[in-house]
Amino acid sequence: MARIISVISGKGGVGKTTCVLNLATSLTTKFNKRVAIVDCNITSSHLGLQLGLYGVPSTLNNVLRKETKIEQALYNYLPNLQVLPASLNLNDLEKVDIKNLNQLLGKSFDNYDYVLLDVAAGFGKEAISAMLASDEVLFVTTPDIPSVTDIVKGKDLAEKLKLKSLGIVLNRVRNKKFELKQSEIAHLTGLPILETIPEDEKVLESLSLKTPMVSYRPNSKVSQSYIRIASSLTGQFYQQPKMNIFNRVKSIFNR
Ligand code: ADP
Ligand code: MG
């Protein structure tokens with residue numbers, strides 16, 4: 001049975017899609033897990049785009065309309081990482097009922113270890129349908145008051161839906177005075193901070209290359225954070241690469 005985890009935030013642009021891609025890549029490349037990622041953000045889908053997957057013959061929209069079997073809309077990104085993209089075409093929303101997601105996902109991923117859901121921002125029908133299709137919730141936020149306030153709402157919603165809250169991925173941290181501190185965020189939300197991920201221009205570079213950061217810059221702080229989250233999810237130990245002098249110099253130039 002797969003663990004189905006929805007990756008959520010109230011505010012958009014905080015790093016959910018980036019988190020889904022990098023966590024999934026870490027789970028499969030470092031911990032040998034079979035993973036599927038699903039773009040549940042049907043009104044503003046980006047997951048496939050971030051991997052260079054567009055113009056595909058079948059999408060989640062076709063599956064939700066019961067025109068296509070789910071297997072036909074799953075695309076290989078890595079040998080053990082499949083992607084279920086949503087359509088980029090707004091007209092393709094016709095007759096798509098996102099509420100069918102729960103029923104659809106529940107029985108389709110028995111052979112997988114993890115299914116990560118890239119959820120729409122906010123707590124509307126799209127987000128709630130994805131949350132209902134999952135068992136566990138991972139929150140992503142940036143260190144500012146609006147995003148963190150939304151996490152509090154998300155946590156309450158997860159509790160109402162009887163989902164297990166895994167904790168917070170605190171993203172795009174610049175260590176500026178005006179940012180909320182990790183301890184303040186933990187206190188305000190009552191959730192553990194799983195990792196603090198720094199702001200890093202290379203993430204934008206990796207996006208332009210349609211390659212997840214953990215493949216593009218595996219030794220960066222950002223990538224090591226995602227690998228540690230994967231390690232704690234699986235309960236499997238991960239030994240961070242030892243930095244000899246050669247690797248240290250190399251990492252400075254590769255930063
Ligand atoms: P969401 O899915 O929550 O809307 P995205 O994952 O699309 O957010 O991220 C929003 C933008 O922030 C993207 O351009 C992404 O490349 C960038 N980004 C995400 N994480 C980082 C980071 N740690 N440092 C710099 N840019 C980041
Ligand atoms: Mg997104």
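Guide: The protein chain carries 32 positive and 23 negative side chains, and the centres of the two sets lie 5 Å apart. Here Lys and Arg count as positive and Asp and Glu as negative, with His and the chain ends not counted; each charge is placed at NZ of Lys, CZ of Arg, CG of Asp or CD of Glu. This is a predicted model, in which local features need pLDDT of at least 70 and side-chain atom pairs count only at pLDDT 80 or more, while totals for chains, interfaces and linings use all residues. Residues are numbered from 1 along each chain as its sequence is written, chains are lettered from A and ligands numbered from 1 in the order in which they are written, and side-chain values use heavy atoms, with hydrogens and water left out.

The chain holds ten helices and eight strands; these are DSSP runs (helices H or I of at least four residues, strands E of at least two), numbered from the N terminus. Of its 255 residues, 52% are buried, where buried means under 20% relative accessible area, exposed over 50%, and partly exposed in between (1.4 Å probe, protein chains only).

The part to look at is strand E7, residues 164-173. E7 is mostly covered, with seven of its ten residues buried. Its partner is strand E6 (residues 136-141), which runs parallel to E7 and is joined to it by six bridges; strands pair if DSSP finds at least two bridges between them. In this pairing Val140 stands opposite Val169 of E7.

Arg172 also lies in strand E7. Its phi is near 60°, a positive value in a residue other than glycine, and at 33% relative accessibility Arg172 counts as partly exposed.

The loop between helix H5 and E7 is the place of Lys162. Lys162, not a glycine either, has a positive phi of about 60°. Lys162 is exposed, with a relative accessible area of 74%.

Over the protein chain, among contacts between residues at least 6 apart in sequence, 75% join residues at least 24 apart.

Notes. Contact means heavy atoms within 4.5 Å.
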